[in-house]
Amino acid sequence: KRVKAQKENFAASKEEYTGVMISMAAEVASAYINLRELQQELEVVNKNCASQEEVLKITEVRYNTGLVAKLDVAQAKSVLYSTKASIPQLEADNITFALNSIEWLADNSGLIQLRNKFTTFPVLEPVGTLPDYMEPIGVGMPVDLLMRRPDVRSAERSVNAQAALLGASKADWLPKVFLKGSFGYAARDLKDLTKSKSMMYEIAPSMSWTLFSGGQLVNATRLAKAQLDESINQFNQTVLTAVQETDNAMNSYRNSIKQIVALREVRNQGIETLKLSLELYKQGLSPFQNVLDAQRSLLSYENQLVQAQGNSLLQLITLYKALGGGWQE
C-alpha cells in the first residue's frame, strides 16, 4: 500500500512539473506575440508616415500654386510629425523590452532548446508580422481534454495515493463527470463566425460522487480518512476550476474573433474615407480638415486592428493552457 501511495505521489509531482512547463511555454508564446504585435504596430506607423508625407507634398504644391493657405501645409506637417514621434518609443522602449522579456524567459524557464536555438535572438529582431491565424477551433469532447490537464491529473494522483493507504480502489472515489457538448465553431467561412448559427458551444457539468463506507475499510485511521476526504474535495475543486477556465478562455477567444471581423471593416472604411476626402480636397471641393481627420482615424483604426489580432492570439494561448497544453489527440 505504501509503495503504491509513494508511486502515486511521485506521479503527482511529475504532473505538477508538466503544469509548470506548460505555463512557461505559454509565457514564452505570449511574449513572442507581444513582440510581433509591437513590430506590426511599428509597420503601421511607418506606412502611415509614408502616406502622410505624400499628403504633405500635395499641400505644398497647392500652396505654392496659390490654391490654398499655408495653414494646410502646417497642419499636414503637424499630423506627420505627431505620427513620427511615436516611433522612438516603439523601437527603443517597447520592442527592446519585449525582446529582453523573451530572452529572460528562455533563460529562466528551463526551455534549454529554445535558448540554444536563439542565443542572441537575432531572428526576432527584424520586424515581423503576427501569425495569420483566425480559425474555428474544434476541440472535441471537453471531458477528455480537461481530465488530461496536469493539475487535474496531479489531484487525481494525490487522491489515489491517499486511497491506496486505506485500501480503496480508484473506482470507489473517482467522480463521474459529464460535460455535454463541445467547444468551437462550425463555419465554412470566417465571415460566418459571428453568426449565432455557427456557434457550437455548451458546458453542462454534472457530478455524481460514489463514496465508500468508512466501516468497510480495514485498519483505516481517522487522520487518513480526513486526508482522503480533503484530497477528494481538492480534486472536485480542481475539475470545477478547469471547467470555468476553459469556459472563460473559449468565450474570450470567440469574442476576440468577432472584434477582428468588425475592426477589419472599420479599417477598410477608413482607407476609403481617406481616399475620397483626399480626392475631393485636390479638386477643391472639400476642406483639408476632412483629410486630417481621415488620416488620424485611419492610424487609430489600423492600430486597433493589430492590437485586436494580437489579443486574439493571446486568448488562443490562454485556451491552449486551459486545456492542459492543447487539444490535439
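This is a short talk about how one predicted protein chain is put together, from its overall layout down to single residues.

Okay, hi everyone. Some housekeeping before the tour. Because this is a predicted model, local features need pLDDT of at least 70 and side-chain atom pairs count only at pLDDT 80 or more, while totals for chains, interfaces and linings use all residues. Residues are numbered from 1 along each chain as its sequence is written, and side-chain values use heavy atoms, with hydrogens and water left out.

So, what is the chain built from? Nine helices and two strands. If you walk along from the N terminus, the order is α-α-α-α-α-α-α-β-β-α-α.

Now the surface. The chain has about 18,000 Å² of accessible surface, and 52% of that belongs to carbon and sulfur atoms. Those areas come from the Shrake-Rupley method with a 1.4 Å probe, and for residues only the protein chains shown count as cover. Of the 329 residues, 41% are buried. I'm calling a residue buried under 20% relative accessible area, exposed over 50%, and partly exposed in between, with a 1.4 Å probe and protein chains only.

How much of the contact count comes from residues 24 or more positions apart? Among contacts with a separation of 6 or more, it's 81%. Contact here means heavy atoms within 4.5 Å.

Let's go inside. In soluble globular proteins, nonpolar side chains tend to be buried together. For us, a nonpolar core is a set of buried Ala, Val, Leu, Ile, Met, Phe, Trp, Tyr and Cys residues joined through side-chain atoms within 4.5 Å. The largest one here has 30 residues, and Leu35, Ile95, Tyr281, Phe288 and Val291 have the most contacts inside it. Which elements give two or more residues to this core? They are helix 1, helix 2 (70-84), helix 3 (87-108), helix 8 and helix 9 (288-322). Helix 1 provides the largest share, with 10 residues. There's also a second, separate core of 20 residues, and Leu146, Leu228, Val243 and Ile257 are included in that one.

Back to Val291 for a moment. Skip its neighbours within four places in sequence, and Val291 touches Val55, Leu274, Ser277, Leu278 and Tyr281. Pick Leu274 from that list: it sits in helix 8 and is buried, at 9% relative accessibility. Leu274 and Leu298 are 24 residues apart in sequence, yet 7.6 Å apart in space, C-alpha to C-alpha.

The structure holds one aromatic pair, and Tyr281 and Phe288 form it, tilted, at 4.9 Å centre to centre with 50° between the planes. Both residues are buried. The rule is that rings of Phe, Tyr and Trp (its six-membered ring) pair if their centres lie within 6.5 Å; planes under 30 degrees apart are stacked, over 60 edge-to-face, and the rest tilted.

On to charges. Side chains of opposite charge can pair when their charged atoms come close. A salt bridge means a side-chain nitrogen of Lys or Arg within 4 Å of a carboxyl oxygen of Asp or Glu, and the count comes to seven.

One of them joins Glu54 and Lys57, with the closest N and O atoms 3.7 Å apart. Why is one helical turn between them? Because they are three residues apart in helix 1 (residues 2-64). Glu54 is partly exposed at 46%, and so is Lys57, at 49%.

Lys282 is partly exposed at 37%, and Glu279 is partly exposed at 35%.

Then there's Asp151 with Arg149, bridged at 2.7 Å, N to O. Buried or partly exposed, for each partner? Asp151 is partly exposed at 31%, whereas Arg149 is buried at 4%. Arg149, Asp151 and Glu245 are linked in a network of salt bridges.

Last stop: helix 6, residues 150-165. This helix has 16 residues and reaches 23 Å from first C-alpha to last, close to the expected 22 Å. That expected span is 1.5 Å times one less than the number of residues. Its buried residues include Pro150, Val152 and Ser154.

That's the tour, thanks!

Key: Helix = DSSP H or I, 4+ residues; strand = E, 2+ residues; numbered from the N terminus.
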